[in-house]
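Me: I have a protein model open and would like to go through it step by step. Could you help me read it?

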Amino acid sequence: MKTKIAVTGACGYIGSHTIVDLLQNGYDVICLDSLVNSNERVLLGVEKITRQKISNTKIDLADPLSWKFLAEEFQDISGVIHFAALKAVGESVQQPLRYYDNNLNALLNVFKWMDAVRIPNLIFSSSCTVYGDQCSLPVKETQAFGISPSPYGKTKQMGEWMMMDFLSASHKQGISLRYFNPAGAHESALIGEDPRNPALNLVPVITETAIGKRESLTVFGNDYPTRDGSCIRDYVHIMDLARAHTLALEYLLYDKMSISFDAYNLGIGQGISVLEMIHAFEETTGQKLNYQIGPRRPGDIPEIWADASKAEKQLQWKPEHGVEEIMRSAWEWERRRN
Ligand code: NAD
Ligand code: WQD
């Protein structure tokens, strides 16, 4: 019998790429998604890539009754990978209650379900935003949480605290994965980032500009104290990120972790500036980008990149794709979905 893994937010960007890796590694996957920021059609792409049938159970995990439904419908599950959350940083500043309600209640209901049907393992989607704006670089997991600039970021910090308390009291185990900047698409271009809301992150803004959906791209500031004045981030390819989830899950399934909670940075350990990203796109794809320099975006920090050596050492995670592959796959995906 295959090991059953439940994936919340499975139709979203990172969830859909992760279920490809899970299915290709022999896991049975239960997809749970409210579709608030995604579309079930992504699963057609997953089916084409993996040649396996897969369907979504549409459920709002923030609904107080959701865990009871899950407990009745789904048992014998070895682990939950919890992606389901709202993730737009700016929107969370405008609508803090919606973000606290959705992200924290969804997590609490996952805990209740795990308790009710004895699910032993949890992987949680966290973010480098938990470190705030005052950290030494490259940032390590031992860095204390900073002041998170947004309600979204605070839901990730609170999520980790809640997880620690829950896991230790219930004798379960879990890993929080702190993503840096996920980007790119599956090499087949059958799946990629396909949100219901307008894209705000740099790479989709680049590809949407190149294809003509946007007139131009604004670089948010070129007066930062960085090598070319634009902000520096750690861009990690989506399939490398997906792989890390299977590895983290297996770390738990094969009893390699002796504590109830741990956290891992997922980045490539190299910072790239916004202007370097633009040039990498132009060089990789041969497309010229219409861009101009604009003012700084409020809340942006000048630079952050990961020390991801803990994930490499303990989870055996080695990112295999660089910025060229991010740009090539993101561009292929943009061209295919139009
Ligand atoms: P996404 O919006 O593409 O996917 C999230 C999915 O969760 C969506 O399909 C959405 O419909 C679903 N969802 C949201 N609330 C739900 C609820 N109450 N019940 C059921 N489903 C719900 O986002 P993503 O980029 O795939 O992000 C996945 C996770 O990773 C999120 O927790 C996000 O905060 C985290 N994260 C993302 C990034 C990034 O840059 N993409 C970086 C760091 C962390
Ligand atoms: C990257 C760089 C922008 C768009 C966000 C969240 C973080 C995490 C990852 C969830 C920045 C610049 C962008 C544009 C630009 N998500 N930029 N013009 O802000 O590093 O991180 O996603 O957890 O929490 O904050 O990502 O892709 O928005 O920006 O110049 O049109 O690109 O200023 O320097 P960010 P991003």
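Reply: What follows is a conversation about this model, which is a predicted one.

Me: Let us begin with the overall build. How many helices and strands does the protein chain have?

Reply: The protein chain contains eleven helices and 13 strands. Its radius of gyration is 19 Å, close to the 20 Å given by the globule rule for 338 residues, so the chain is as compact as a globular protein of that length.

Me: What box do the C-alpha atoms fill?

Reply: Along the principal axes, the C-alpha atoms of the protein chain fill a box of roughly 55 × 45 × 40 Å.

Me: And what percentage of the residues is buried?

Reply: Buried residues account for 56% of the 338 residues in the protein chain. The accessible surface of the chain comes to about 15,000 Å², and 49% of that surface belongs to carbon and sulfur atoms.

Me: What share of the contacts comes from residues 24 or more positions apart?

Reply: Of the contacts in the protein chain with a separation of 6 or more, 81% are between residues 24 or more positions apart.

Me: How far apart are Ile19 and Pro295?

Reply: Ile19 and Pro295 are 276 residues apart in sequence, and their C-alpha atoms are 39 Å apart in space.

Me: What about Ser127: is it buried or exposed?

Reply: Ser127 counts as buried, at 10% relative accessibility. Ser127 is found in strand β5, residues 121–127. Not counting residues up to four places away in sequence, Ser127 touches Tyr152, Lys156, Leu177, Arg178 and Tyr179.

Me: Which residue meets Arg328 in a salt bridge?

Reply: The side chain of Arg328 meets that of Glu325, with an N to O distance of 3.0 Å. Arg328 and Glu325 are three residues apart in helix α11, which means that about one helical turn separates them. Arg328 is partly exposed at 32% relative accessibility, and Glu325 is partly exposed with a relative accessible area of 21%.

Me: Which salt bridge does Asp194 form?

Reply: Asp194 and Arg337 meet through their side chains in a salt bridge, at 3.4 Å from N to O. This pair links distant parts of the chain, 143 residues apart: Asp194 is in the loop between β7 (181–183) and α7 (202–211), while Arg337 is in the segment after α11 (323–336). Asp194 counts as partly exposed at 22% relative accessibility, and Arg337 is partly exposed with a relative accessible area of 26%.

Me: Which residues are linked with Asp194 and Arg337 in a network of salt bridges?

Reply: The network links Asp194 and Arg337 with Arg41, Glu208, Lys213, Arg214 and Glu334.

Me: What about Glu91 and Arg98?

Reply: Their side chains meet in a salt bridge, at 3.3 Å from N to O. Glu91 counts as partly exposed at 25% relative accessibility, as does Arg98 at 36%.

Me: Let us finish with the backbone. Which residues does a cis peptide bond join?

Reply: A cis peptide bond joins Leu137 and Pro138, with omega about -5°. Pro138 is placed in the loop between β5 and α6 (151–170).

Me: What is the phi of Arg118, and what is that of Ala189?

Reply: Arg118 has a phi near 55°, a positive value in a residue other than glycine. Ala189 is not a glycine either, and its phi is positive at about 60°.

Terms used:
Residues are numbered from 1 along each chain as its sequence is written. Chains are lettered from A and ligands numbered from 1 in the order in which they are written. This is a predicted model: local features need pLDDT of at least 70, side-chain atom pairs count only at pLDDT 80 or more; totals for chains, interfaces and linings use all residues. Side-chain values use heavy atoms; hydrogens and water are left out. Helices (H or I, at least four residues) and strands (E, at least two) are DSSP runs, numbered from the N terminus. The radius of gyration is taken over C-alpha atoms; the globule rule is 2.2 Å times the number of residues to the power 0.38. Buried means under 20% relative accessible area, exposed over 50%, partly exposed in between (1.4 Å probe, protein chains only). Contact means heavy atoms within 4.5 Å. Accessible areas come from the Shrake-Rupley method with a 1.4 Å probe; for residues, only the protein chains shown count as cover. A salt bridge is a side-chain nitrogen of Lys or Arg within 4 Å of a carboxyl oxygen of Asp or Glu.
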